[in-house]
Amino acid sequence: SDLQVFVPQPDRDRVAVVDLVSLRQVDEFDAGPAPAYLSEDAGMRVLLALSADGSSVTPVDQYGFRKLPTANIVGDPADTVEGSNRGREIDYYLYGPSGIRYYKSPWSPPTEHGSLRMDVAVSAGDGAQVTRSYVASHNGDMLYAVGSGRGGEGLHVLASARLPSPIRYLGTDDTRIYAATDRELVVLETASFTGFPDGTIPVIRVTNYRAAMPAGPVGSASLSGMTIGPHRVFLTLSGAPYVVSIAKPHL
């Protein structure tokens, strides 16, 4: 339901279901060992719970909150998990300082289908292409499009773009990529169906949102978050009770 939110409770090995109107817990469910980070495999209507130590992923069927078998992560722990937006298989990316791993299978636990050594700090899935992801490294100004090879095997860098400054937050909608830096909001094209024939992610618009902000503590407050709405992108600032609202470019 759009009126409910899932809140991980790693100390209790549970996930709470909270009603957004009353802000009260209305249910809870088992999501495997110490669930600390949640994502959704929207195509399968499955929640993905990454454990607090980054060593396992537990899928949970959203119909009845039925826990599926836990997948243990081999090798370095993961920081985040990102489920696909569509498709009829369980598939997700794992990200961490040691790199990216891609898992896919009709059943749980899925098998690893590719990996790429890359220091990933921020990431976002593609709205249309299940096997594509967008990533940037810690304090890096390069945005990379990463995807699997033919037959869904292996991971490769498909294209890249250099932004004016290091990327702090990433997000996507059906056709665009939104990259927030300390000064700019950069909108890029996903080219989900045409691909990137020249290996470059096309930039649609660069907005210097700092230029319109007042001087003083608000204008110098660091970026703390980004949310993508239907028509606008919203940025939050650390320690400042303001939201920066930026209109999306017209199609």
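Rings of Phe, Tyr and Trp (its six-membered ring) pair if their centres lie within 6.5 Å; planes under 30 degrees apart count as stacked, over 60 as edge-to-face and the rest as tilted. The model discussed here is predicted, so local features need pLDDT of at least 70 and side-chain atom pairs pLDDT 80 or more, while totals for chains, interfaces and linings use all residues. Residues are numbered from 1 along each chain as its sequence is written, and side-chain values use heavy atoms, with hydrogens and water left out.

Q: What makes F6 and F65 an edge-to-face pair?
A: A search of the whole structure finds 6 aromatic pairs. In the pair of F6 and F65, the centres are 5.8 Å apart and the planes stand at 85 degrees; the limits are within 6.5 Å and over 60 degrees, and therefore the pair is edge-to-face. F6 lies in strand β1 (residues 4-9) and F65 in the loop between β6 (56-61) and β7 (66-67), 59 residues apart. Strands here are DSSP runs (E, at least two residues), numbered from the N terminus.

Q: Why is the pair of F29 and F65 called stacked?
A: Their ring centres are 4.4 Å apart and their planes meet at 10 degrees. Stacking requires planes under 30 degrees apart, so the pair is stacked. F29 belongs to strand β3 (residues 25-30), 36 residues from F65.

Q: Which aromatic cluster contains F65?
A: F6, F29 and F65 form one aromatic cluster.

Q: What makes A161 a buried residue?
A: Its relative accessible area is 8%, so A161 is buried. A161 is placed in strand β16 (residues 155-162). Leaving aside residues up to four places away in sequence, A161 touches D141, M142, L143, L188 and I201, where contact means heavy atoms within 4.5 Å.

Q: How do you know that β18 and β19 pair?
A: Two strands pair if DSSP finds at least two bridges between them. Strands β18 (residues 176-181) and β19 (residues 184-189) are joined by 5 bridges and run antiparallel, so they pair. Y178 stands opposite V187 in β19.

Q: Why do β17 and β20 stand at the edges of the sheet?
A: The open sheet has 4 strands in the order β17-β18-β19-β20, with antiparallel pairing. β17 (167-172) and β20 (203-208) each have a single partner strand, so one side of each is left without a neighbour in the sheet.

Methods: Buried < 20%, exposed > 50% of the residue type's maximum accessible area, 1.4 Å probe, protein only.
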